[in-house]
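Please look over the sequence and the model that follow, and keep both in view as you read.

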Amino acid sequence: MKIVRWTALLLAFMLLPACGLGETTIVKLTCTGDLMPGSNDKVSAQEYAFQRYIEKYGYGYPLAKMQSLLANDDITLVNFECVLNDTAAPSASRFRFRGPTDYAQILVEGSVEVANLANNHSGDYGKEGYLSTKAALEGAGISLCGTTEFGNEACFMDVKGVRIGFMGVLPLWNKDHPQDLEKAFQYLKDNGCDLIVASLHAGEEYRGYHGNMQESYGNRLRALGAHIIVGNHPHVPEAIRVTDGVTQLYSLGNFSFGGNTGVDEEIHCLQSMVAQFELYFEDGKYIGHQLTLWPIHISGVTPENNYQPVLVDGEDAQKAMRMVARDHDGYVTPLKPFIDGEGAVQDFVPWTK
């Protein structure tokens, strides 16, 4: 561990004035962008489809090169932007995506514990597709969250003596059904969650700058009790905002994304982020967190997509950081730089409420 990392940790502990002599517990939470283990029905039979890579290399292939992060944390949360279904009638749409139900094993072998279903593709094959996805993931031991037309899921995990809750928001649904959002938070509070992570699926695709909907829902989620807000949907990295002890990631970008067979940077975005939080608790009470950003490429090759994200450093990492900075600069807390081998370690954020 290099001097920079030790310095960041030292500053973190210096910013814990209320710690006293209690026992400190650290829970490591990893959050990723859009995971789409499938393709549209028109592409699925082609030699370049996501499915061909799984047939050739196995379930562990898509997330194999991310295991230095995912296998060494306590919880990994993904935005599961796909349907798992074997029986629904084929769709002619380019924008409906699915994989077979056994692809739930991709998450198991990829060291993923929680999947958010609050997104605009979890209903691609209607209620049948939603229920088959839910059954496949739960059957594989994956916890689910997300308020949508077909379900209002919220979940929690017990780790190291503390309880972490998860819920997800899809504004397209929640704007007309605000009670679902409130019920999810109440469920987590009633079950004694010490910290709540909210997934927010909002923003404009490929724009690279967050918008009013992300702002307004961020405000609402903080008011309802979220401690961490993880944004997805724009498919590109966007800014970070820290308000009243809550970190909001406006967008992480994509992860392993079977919906795009190519990675043409004129059309798609190769750069993305993985966010890793160290969540601090004293005697079971949440006292703050520290975020490290890890730039990635969503494919190890270009211009085709090999569906296998990889960590990057050097100029590749700096390019991804600049994508965050263009939305970030002059608006919120200054962004700490990325350092090869250490990540972009941000300031410790104390819980102020």
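On the face of helix 2 that is turned away from its buried side sit the exposed residues E55 and K56, where exposed means over 50% relative accessible area, buried means under 20%, and partly exposed covers what is in between, with a 1.4 Å probe and protein chains only. Helices here are DSSP runs of H or I with at least four residues, strands are DSSP runs of E with at least two, and both are numbered from the N terminus. Helix 2 covers residues 50–57, and within it F50, Q51, Y53 and I54 are buried. Seen down the helix axis, these buried residues fall within an arc of 160 degrees, so they line one face of helix 2; the arc is that of the directions from the helix axis to the C-beta atoms. The buried residues of helix 2 pack against strand 1 (24–36), strand 4 (98–99), helix 4 (104–109) and strand 13 (254–257). After helix 2 comes G58, which has a positive phi, near 95 degrees.

Before going further, note that this is a predicted model, in which local features need pLDDT of at least 70 and side-chain atom pairs count only at pLDDT 80 or more, while totals for chains, interfaces and linings use all residues. Residues are numbered from 1 along each chain as its sequence is written, and side-chain values use heavy atoms, with hydrogens and water left out.

The protein as a whole has nine helices and 18 strands. Its radius of gyration is 19 Å, close to the 20 Å that the globule rule gives for 353 residues, so the protein is as compact as a globular protein of that length; this radius is taken over C-alpha atoms, and the rule is 2.2 Å times the number of residues to the power 0.38. Of the 353 residues, 59% count as buried.

What lies inside? In soluble globular proteins, nonpolar side chains tend to be buried together. A nonpolar core is a set of buried Ala, Val, Leu, Ile, Met, Phe, Trp, Tyr and Cys residues joined through side-chain atoms within 4.5 Å. The largest such core in this protein has 71 residues, and those with the most contacts inside it are L137 and F166. Strand 14 (residues 271–282) gives the most to this core, with six residues. Apart from it lies another core, of 18 residues, among them V169, Y217, L221 and V246. Leaving aside neighbours within four places in sequence, F166 is in contact (heavy atoms within 4.5 Å) with L29, I75, L77, V114, C145, A154, C155, L188 and V197.

A disulfide is a covalent bond between the sulfur atoms of two cysteines, and here it is counted when a pair of cysteine sulfur atoms lies within 2.5 Å. By this rule the count comes to zero disulfides. The cysteine sulfur closest to that of C155 is in C145, at 5.1 Å, which is too far for a bond. C193 is in no disulfide either, as the nearest cysteine sulfur, that of C155, is 8.7 Å away.

A last stop is G343, in the loop between helix 9 (314–328) and strand 17 (344–345). At 2% relative accessibility, G343 counts as buried, and apart from its neighbours within four places in sequence it is in contact with T292, L293, W294, P337 and F338.
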